Amino acid sequence: MSVPPDTVSLFDYERHFNDRVDPATRAYIGGAGADGITQRANREAFDRLRLMPRVLRDLSNATASSSLFGETLDYPIILAPMAYHKLVHPDGELATVEAAGLTRSWMTVSTQASVRIDEIARRASAPLWFQLYTQPRREDTLTLLRRAEDAGCRALVLTVDAPVNGMRNMEQRAGFRLPPTIAPVNLAGLAPDGFRPARPGSPVFQGMLHAAPTWETVAWLCGETALPVLLKGILNPDDVDPAISAGAGGLIVSNHGGRTLDTLPATIDALPAVAAKAARRLPVLMDGGIRRGTDILKALALGADAVLVGQPVLHALAVGGLAGVAHMLTLLQTELEVAMALTGRATLAEIDRSVIHPSS
């Protein structure tokens, strides 16, 4: 599996992905919530922002590295949690994690990964995080936490914006079903929810939310581990203080890639207010719509400490396997360095709101 020679951007990987992957899998991976308004907004909002360069600056010692949770982050680019990498490549998360290591990139492993966390960790040469969905039984949530700790994960990412799935109409129309050879293997041995609606009609308020996490759940989880717990899915600045009070170690501004509630704001539009409320009390990251190095620069300028990249990882894995993911990440790293150089920013600390044109 080789990368096509005309693949020079993340958009090229997406184009080749759409040509190669079957429609049902494509609808699952790329499927937006409802009418796709939020998913489109994630991109459109980045495109609306204009950059304001500075020239003739000293770039002789330029670097894109920073520190996060006491560790050196070579680039402010982290692989976001995504389920079932084996849907697009037989090696699944094993290929992804090796590519992450080659590019010195940190990777977040999904609860619904198609490879066990301990197997992924054995292939890792850069820090791993573990994304957690709380389970119906608290002891099962704790089992997942301990597996992540035993695998050497450096942080937990608790997804808080999806107590129920969004209305994935694209996925429903395509009739996606998980192949029998692929499963959420990290959930093996844990109790299924077992919820069954008692009457016809919408099941959501018939008990589907009986085990949905609350702020008390966050406080309990933070009290059970020494690892930093990042809350993924924060859009409202009013949720910042409760997160800090519950013990969160970081926030990820995210609308779940536009896959849950439609007509939410784009994450880059929500980021400044969340970052302002956090006021450097804890790291703030963001995801959603990142496709260019200039997108990363804009996110850093508006308050993010780093970004997470999701769908492009699976696009590149499907198109080029391990080499594709490594190439895609290298493209992003290079584009970020170019964007920093052409706006006259030698370090991440020099990237602030003045990078954004005031008319944006």
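Tutor: First a term: buried means under 20% relative accessible area, exposed over 50%, and partly exposed in between (1.4 Å probe, protein chains only). This is a predicted model, where local features need pLDDT of at least 70, side-chain atom pairs count only at pLDDT 80 or more, and totals for chains, interfaces and linings use all residues. Residues are numbered from 1 along each chain as its sequence is written, and side-chain values use heavy atoms, with hydrogens and water left out.

Student: Is Trp 129 buried or exposed?

Tutor: Trp 129 is buried, at a relative accessible area of 1%.

Student: And how many aromatic pairs are there?

Tutor: The structure holds 4. Rings of Phe, Tyr and Trp (its six-membered ring) pair if their centres lie within 6.5 Å; planes under 30 degrees apart count as stacked, over 60 as edge-to-face and the rest as tilted. Tyr 28 and Phe 176 are stacked, 4.4 Å centre to centre with 10° between the planes.

Student: Are those two buried or exposed?

Tutor: Tyr 28 counts as buried at 13% relative accessibility, and Phe 176 is buried at 9%. For Phe 69 and Trp 129, the ring centres are 6.1 Å apart and the planes at 65°, so that pair is edge-to-face. Phe 69 is partly exposed, at 31%.

Student: Which residues form a cluster?

Tutor: Tyr 28, Tyr 84 and Phe 176 form one aromatic cluster.

Student: Changing topic, what sits over the ring of Trp 220?

Tutor: The charged end of Arg 138, 4.4 Å from the ring centre. The cut-off is NZ of Lys or CZ of Arg within 6 Å of the ring centre and within 35 degrees of the ring normal.
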